[in-house]
Amino acid sequence: MSTPKKILVYVDGTEPSITAAQYAICLASFYRADLIALYVVNTKAMEDLLKARIFLQDEQMEYEHDMEADAQRYLNYVNEMALKKGVTIVPQSRRGSVHKEIVDLINEEEVDLLVIGELARIRSRRDEFYDETERAMRMAPCSVLIAKDEDKVWQMYESLV
Amino acid sequence: MAFIDLVQEKIVRIPLVSTDKAGVLRELVQILKDAGEIEDYDAVFTAIREREEKLSTGLESGIAVPHGKSAAVSKLKLALGIAPQGIDFASIDGQPSRLFFMLVAPPNQSGPHVEALAEIVKLVQSKAFCRALTGARDAREVVELIRGE
């Protein structure tokens, strides 16, 4: 069985996504795989809010600017976590629809493993509800690993030399 | 945090007792205060009121989504108020608003804020669902309807 050569971790700033990043750093170290960290500025959602007239034009721009700053901050944070363990990360910030950007990057970079954080704890059965990470999980053309149990993952990350 | 995770009985009030827009905004912020979700009432109210002064967040079909950013919260907060009788909220279509989804986010968490707002937009596209929410008996039923239980 071949081991993963290129791993992608999706980071959105939530605690589960930080746990996913720790897990991905461990895997990249174990397998000596390349690691990409992706943050997507969800401009699709902002366009929808502008169309629905929930956002004003200047409000949309303000949020977009804030989210660009969030992207840099979280990618820097993940990069620092990786460097502490001697792992190099290629940070990528993209704009658009989250699940589509994840799938596009997997295809472009020939990623063979996607690592994501635990999905929302409470799920609605209503069709209207879905989250972008779950859509990415379903649509990803490669294997997907969902990192769970932040304490165990933290221990694994901490024990990494 | 997904929108669905924010929905709990303690942040739902049905029916709202207010009869005008200013009262609704105050009552929604008070819901968060009463639920122990915020401490600084004035800071949150100011953030919501200032956004509302730019342009009403009263949409079509009886929906209103007041929102704002405030350093008084450390994570995204939701209050949900229902006024079956309808309240003049200066909405786009001029019709009374019945469902009020108020979101307050810290300034450094725009991503979850945007995604929660987008989920609300999707949720209220179903007129039948909005009618069911407006006709709910109590907060528990509202939560069950939203979770699809």
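These legends go with close-up views of a predicted model.

**View 1. Helix H3 of chain A meets helix H4 of chain B.** The pair here is H3(A), residues 57–84, and H4(B), residues 110–123; their axes come within 8 Å and cross at roughly 130 degrees. An angle over 145 degrees would count as roughly antiparallel and 65 to 115 as roughly perpendicular, so H3(A) and H4(B) end up oblique to each other. On the H3(A) side, the contact uses A:Tyr63, A:Asp66, A:Met67 and A:Asp70, while H4(B) brings B:Ser110, B:Gly111, B:His113 and B:Val114. Sorted by class, that contact comes to 3 nonpolar, 3 polar and 2 charged residues.

**View 2. The open sheet of chain A.** Read across, the 5 strands go S3-S2-S1-S4-S5, with parallel pairing. Which strands stand at the edges? Those are S3(A), 89–95, and S5(A), 143–147; each has a single partner strand, so one side of each is left without a neighbour in the sheet. Ignoring direction, neighbouring strands are turned by 25 degrees against each other on average.

**View 3. Strands S2 and S3 of chain A, side by side.** S2(A) covers residues 34–41 and runs parallel to S3(A), with 7 bridges joining the two.

**View 4. Strand S4 of chain B and its partners.** S4(B), residues 77–87, is mostly covered, with 9 of its 11 residues buried. S1(B), residues 12–13, pairs with S4(B) in the parallel sense over 2 bridges, and B:Arg13 has B:Gly81 in S4(B) as its bridge partner. S5(B), residues 97–105, pairs with S4(B) too, here in the antiparallel sense over 7 bridges.

View 5. A:Cys26 is buried, at 0% relative accessible area. In chain B, B:Cys130 also counts as buried, with 9% relative accessibility.

How values were computed: Residues are numbered from 1 along each chain as its sequence is written. Chains are lettered from A and ligands numbered from 1 in the order in which they are written. This is a predicted model: local features need pLDDT of at least 70, side-chain atom pairs count only at pLDDT 80 or more; totals for chains, interfaces and linings use all residues. Side-chain values use heavy atoms; hydrogens and water are left out. Axes are lines fitted to C-alpha atoms, for helices over the stretch in contact, and angles run from 0 to 180 degrees between N-to-C directions. Helices (H or I, at least four residues) and strands (E, at least two) are DSSP runs, numbered from the N terminus. Angles under 35 degrees count as roughly parallel, over 145 as roughly antiparallel, 65 to 115 as roughly perpendicular and the rest as oblique. Contact means heavy atoms within 4.5 Å. Ala, Val, Leu, Ile, Met, Phe, Trp, Tyr, Cys and Pro count as nonpolar, Asp, Glu, Lys and Arg as charged, and the others, Gly among them, as polar. Buried means under 20% relative accessible area, exposed over 50%, partly exposed in between (1.4 Å probe, protein chains only). Two strands pair if DSSP finds at least two bridges between them.
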